[in-house]
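Trainee: Could you walk me through a few of the side-chain and helix contacts in this one?
Mentor: Gladly; let us have it in view before we start.

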Amino acid sequence: MRERIEQWFQFKRYNWRNYDVFLVVIVLALSLISSYVLSVLGETSFHRQLIAVVAGLVIVAVFSLIDYHDLCLYIPILYVIATLMAAATRLSPLGYAGGTGSYRWLDFKIIKFQPSEICKIVVILALASLFYRMRENLKTFKTFFLACAIAMLPTFFILIQSDLSSSVIIVMILVMMLISSGIGHRILGPVAAVVLPVIAFLFWYIQQPDQRLLRGYQLDRIIGWLHPEGKELGVMYQQTNSVLSIGSGKLYGKMLMDEGAARNYTSVDVIESDFIWTPISEEFGFIGCMIILVLLSIVIIKCFIAAKNAKDYMGMMIATGIGAMFCFQTFFNIGVATSILPNTGLPLPFLSNGLTSLMSNMMAIGILINIGIQPNRGSSSSFEIR
């Protein structure tokens with residue numbers, strides 16, 4: 001038993017001076033901000049949220065000590081489990097819609113679990129493992145299509161939930177990891193020449209009256225975003241009120257300057273998750289939002305710094321995937337709340353309510369820290385892209 005623990009938690013050979021305590025502090029600060037906002041919204045008590053934060057920090061500690069190389073040895077099993085869970089949301093009695101019409105959760109009675117959040121982490125590990133194993137034949141269409149197949153299988157089951165937003169995030173992770181993998185422009189160039197016109201055609205097609213790709217509410221959101229005039233009380237009601245609420249926060253926010261004032265975010269739905277940026281903006285104002293954006297930016301930048309400084313190719317690819325996940329989720333969530341993007345449901349990392357989202361984000365941070373404390377594995381394990 002002791003040998004098994006030493007195999008997984010290889011304390012002696014880790015470079016503890018590189019343990020990123022500052023990153024943990026940033027994540028803790030974001031989580032405490034979330035706890036306060038959610039308690040103000042009445043979604044949960046501050047003490048209960050603190051318990052979730054402590055559990056998240058434990059997850060960070062555990063995954064920071066597990067060698068990501070050992071973790072990737074089990075990726076075929078983890079991939080199958082994550083894909084089956086994603087499929088079960090729609091294809092099994094465990095699927096739970098929660099009044100939204102989208103079967104994004106598995107209801108285990110004691111806890112409700114959202115597989116799409118775990119799928120993002122698993123897909124990142126699976127793609128990194130694939131690129132590492134195929135490093136001798138990386139610049140081939142075979143590698144490209146295998147990578148697409150690995151990402152698209154769980155994405156398909158997430159898409160039929162229907163969870164278009166999480167599907168888009170996985171696609172963006174795939175794109176970023178393909179670009180960073182060294183697969184080369186000779187593969188990606190022809191693919192882009194085909195895919196980009198197809199995307200343009202699909203964007204035109206979904207706006208046609210007889211389109212069959214999107215559900216009615218999904219199409220209405222896109223059309224409303226493209227042509228918002230006259231839709232303020234219809235499909236754009238939520239985003240219109242979100243923008244008004246954000247603007248009412250002004251420079252300092254209402255938390256300190258005007259505690260007795262009415263909160264406009266009460267007219268916005270899902271403010272505890274998809275629209276968490278709305279109450280944050282109204283309570284903390286422009287200055288508070290900028291501070292939070294700086295904290296989120298530090299997390300994202302540290303992901304790409306970890307990728308640059310990774311001791312081997314696999315670590316570089318995992319850190320790149322994690323950075324892409326945090327980056328695009330942050331952009332999409334805030335973009336929706338500010339009406340820059342069409343309305344879609346995505347949690348804001350470390351700030352939105354949701355136990356599965358918080359735990360998966362903490363897992364990602366733990367893996368990222370482990371990449372940073374790895375010793376120099378030598379030239380035999382490294383991979384130089386020529």
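Trainee: What lies over the face of Tyr96?
Mentor: In this predicted model, Lys112 is placed over the face of Tyr96, at 4.9 Å from the ring centre.

Trainee: And which ring does the charged end of Arg135 sit over?
Mentor: The ring of Tyr132, with the charged end of Arg135 placed 4.0 Å from the centre of that ring.

Trainee: Switching to ring pairs, how many aromatic pairs turn up in the whole structure?
Mentor: The search finds 12 aromatic pairs. For Phe201 and Trp204, the ring centres are 5.7 Å apart and the planes stand at 35 degrees, so the pair is classed as tilted. Ring pairs also join Tyr14, Trp16 and Tyr19 into a cluster.

Trainee: Where do Phe201 and Trp204 lie?
Mentor: Both belong to helix H9 (residues 185–205), where they are 3 residues apart, about one turn of the helix. Phe201 is partly exposed, its relative accessible area being 47%, and Trp204 also counts as partly exposed, at 49% relative accessibility.

Trainee: OK, helices now: at what angle do H7 and H8 cross?
Mentor: The axes of helix H7 (residues 141–159) and helix H8 (residues 164–181) cross at roughly 170 degrees and come within 9 Å. Because angles over 145 degrees count as roughly antiparallel, H7 is roughly antiparallel to H8.

Trainee: Which residues make that contact?
Mentor: Among them are Phe144, Met152 and Leu159 of H7, together with Leu164, Ile170 and Leu178 of H8. The residues of the contact of H7 with H8 divide into 12 nonpolar, 3 polar and no charged.

Notes: Residues numbered from 1 in each chain as written. Predicted model: local features only at pLDDT ≥ 70, side-chain atom pairs only at ≥ 80, totals over all residues. Heavy atoms only, no water. Axes fitted to C-alpha atoms, helices over the stretch in contact; angles between N-to-C directions. Helix = DSSP H or I, 4+ residues; strand = E, 2+ residues; numbered from the N terminus. Parallel < 35°, antiparallel > 145°, perpendicular 65-115°, else oblique. Contact = heavy atoms within 4.5 Å. Nonpolar A, V, L, I, M, F, W, Y, C, P; charged D, E, K, R; others polar. Phe/Tyr/Trp six-rings, centres within 6.5 Å; stacked < 30°, edge-to-face > 60°. Buried < 20%, exposed > 50% of the residue type's maximum accessible area, 1.4 Å probe, protein only. Lys NZ or Arg CZ within 6 Å of the ring centre and 35° of its normal.
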